[in-house]
Amino acid sequence: MKKQAFETKSITESIVAFAQFARGHGLNVGIQETQDALQALKGPMLTQRSLFKSALKTIFCASPEDRRLFDQLFVLFWDTNPTDLRERKNKTKIQGTFENKANPSLVMLGRGKTEADAEAGKNVSGANETERLKTTDFSKINEIDADPLDAIAQKLFQEMALRLRRRKKENRKNGPVSLRKTIRRSIGYGGEPIDLFRKAQRPKKQRLIVLLDVSGSMDKYSFYLLRFVCALREHFRQMEAFIFSTSLIKISKMLQSGRLDLVLSVISRQADNWSGGTKIGECLQTFHEKHGKQTLNGSPIVLILSDGLDTGDPNLLGQVLFNIQKRARKVIWLNPLKGMKGYEPLAGGMQAALPWLDVFQSAHNLESLLELENMLGDA
Amino acid sequence: MQTIEHPDRIIRELEKHNYVADEELATALFLLVKLQKPLLLEGPPGVGKTEAALVLSQLLDTELIRLQCYEGLDVNAAVYEWNYQKQLLSIKLQEGSDRSIEEKEKHIFNHDFLLKRPLLQSILAESKAPVLLLDELDRSDEEFEAYLLELLSAFQISIPEMGTLKATFKPYVVLTSNRTRELSDALKRRCLYHWIDYPDLAKEMAIVKKRLPGIEPKLLEQVVGFVQQFRLRKLSKTPGVSETIDWAESLMALGYREINSAGFDQTLGSILKSIEDIQQIKSEGIQAFS
């Protein structure tokens, strides 16, 4: 715990200490901000509490969430009396700070299979090891195959991301004439525009929203699908990702910093709720209401990875998907169960969802995931 | 007016220009002027973000340069462009003259051939710092945001053919965003930040009253009261303050001195902008709100 206001001797010291205090609790406050604060708070701004507060708020915050946190911190720092500190001491935990070192206890989802599963995995025939692994159902992977499959998956996903990027770059031959460059180069010919230069066509920014089901029934698939989602991020810079089982959690920020372990620890914390069953409809509705305005614009592609085993109200799911579909360019649903022989989308939720899907595909092994490349590339 | 020494002064000045501001916003504007740092205003649509910049420019008695951002906005539309037609003509005219190629090149890349777009204009202001408004920045691409970083911290623009142009008068920069996407941390760190929320009943009444001085007190109370309740409903598009003003104005134009159910149904279109919302509110009826 950093110093608090009553422990400091001058106002300058207090402000610096407050900046450190705020930084310690998750506000993005650096030296520049501290300097600005000191400069701003000269003269009349110091004499009025509300002015003092709003000035610091303007300088220290960068989002509505920050502003809420700031209000708490401000009171905590400036209004703490030494006398009532003792009783407060244990209550001063503030929400919103991240535990970075949380140990993911569920790192390998769906590993450690039974004998029977292992047998079934071996029965898949293939030309060679890689081919065989590519077509193995994720749920039938045994201990021995897990590591090589992991490696192959990572490699293939990365190649896919690269191909998607490259496909865009080669399409740059026939844009409009770039007058600027053409004239620049024509000077050498005394002003005759002999060589025409073309503008590179700006690739249309594609936005992707991924909703990944991490409920108990998806357990065996979640890990690979998460890897897949990570690879997609390489290509779609404007990607928003969410995971859901009984509730919805946004993981875009964690993926951005490449913290797969963080995501896994979040999932494992959620694991306690597994017994409650998946409420796909409700989760998607939360998504639409809370994040819809921010993410569902510029007609993005919406990718849902789930087995459709819904314990909630199927009609709600249909209704929400209809709303989402109206604002998306494409709604793609990948269902691992679809890879099973004889699977029919009969589960109540799946049935309600089908009319609003543009693509309904399987996602039970590497090959089926890689097929998605074409759908995303053409979109 | 050149010197502002206290945020209260800003509130009073804003009031004179028909803008009702609270202390927090006034402080933010005060710091923008004092620290000469850009100010990022975020908030739902229609709460007066753009208006704040407009009024600031009136208050400082200076020019407002506005750049509306959109997807695909590039340097040519935002910063500068060479006047190609003029350049081509000039090259033709100089044909046969005995100037060297270097001289010719220098000639066609001077100020006369430069089309100044908003950002460059704001840098080149000659007598007084202008207010530069970058409106709805969240609509632009990330690339453009990255480009802004140089401008916002050093207030300079590099043109390859001419070199770096530095601002003699640092513009007062106001950025607005509806938060349809998160702006980058790098950009945010260079800015002061303020979130404008929907006003409460008293403030909204003050705003509408300021804008429509002739409004009947009864009508004013009803309109603002209704809108405040609309905002609590789950609507697909929550009405902002500008819609409130529109609504009050339409009711006045139709000669209503207070809202009855006919007027209510008749004018809902100026406050609610989606058919689902209108149907929802109509089905509840006027009595649900009064």
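A residue is called buried if 20 or more other C-beta atoms lie within 10 Å of its own, exposed if 12 or fewer do, and partly exposed in between, with C-beta atoms placed from the backbone. The model is predicted: local features need pLDDT of at least 70, side-chain atom pairs count only at pLDDT 80 or more, and totals for chains, interfaces and linings use all residues. Residues are numbered from 1 along each chain as its sequence is written, and chains are lettered from A and ligands numbered from 1 in the order in which they are written.

**Chain A overall**

Chain A holds 16 helices and six strands; helices (H or I, at least four residues) and strands (E, at least two) are DSSP runs numbered from the N terminus. Of its 379 residues, 32% count as buried. Taking contacts in chain A between residues at least 6 apart in sequence, 71% join residues at least 24 apart, a contact being two C-beta atoms, placed from the backbone, within 7 Å.

**Helix α14**

α14(A) spans residues 314-327, and its 14 residues reach 21 Å from first C-alpha to last, close to the 20 Å expected at 1.5 Å a residue; the expected span is 1.5 Å times one less than the number of residues. Its buried residues are L317(A), V320(A), L321(A) and I324(A). These cover an arc of only 100° around the axis, which puts them on the same side of α14(A); the arc is that of the directions from the helix axis to the C-beta atoms. An α-helix has 3.6 residues a turn, so residues three or four places apart point the same way. The face turned away from the buried side carries the exposed residues N315(A) and K326(A).

The buried residues of α14(A) pack against these elements of chain A:

| Element | Residues |
|---|---|
| α13(A) | 280-295 |
| β4(A) | 301-305 |
| β5(A) | 330-335 |
| α15(A) | 348-353 |

**The sheet**

β4(A) and β5(A) also belong to an open sheet of six strands with mixed pairing, in the order β3-β2-β1-β4-β5-β6. Strands pair if DSSP finds at least two bridges between them. β3 (248-250) and β6 (359-362) of chain A stand at the edges with a single partner strand each, so one side of each has no neighbour in the sheet. Strand β2(A), residues 239-244, runs antiparallel to β3(A) and is joined to it by three bridges. I243(A) stands opposite I249(A) in β3(A).

**Contact with chain B**

The contact takes 28 residues from chain A and 34 residues from chain B. On the chain A side, α3(A) gives the most, with seven residues.
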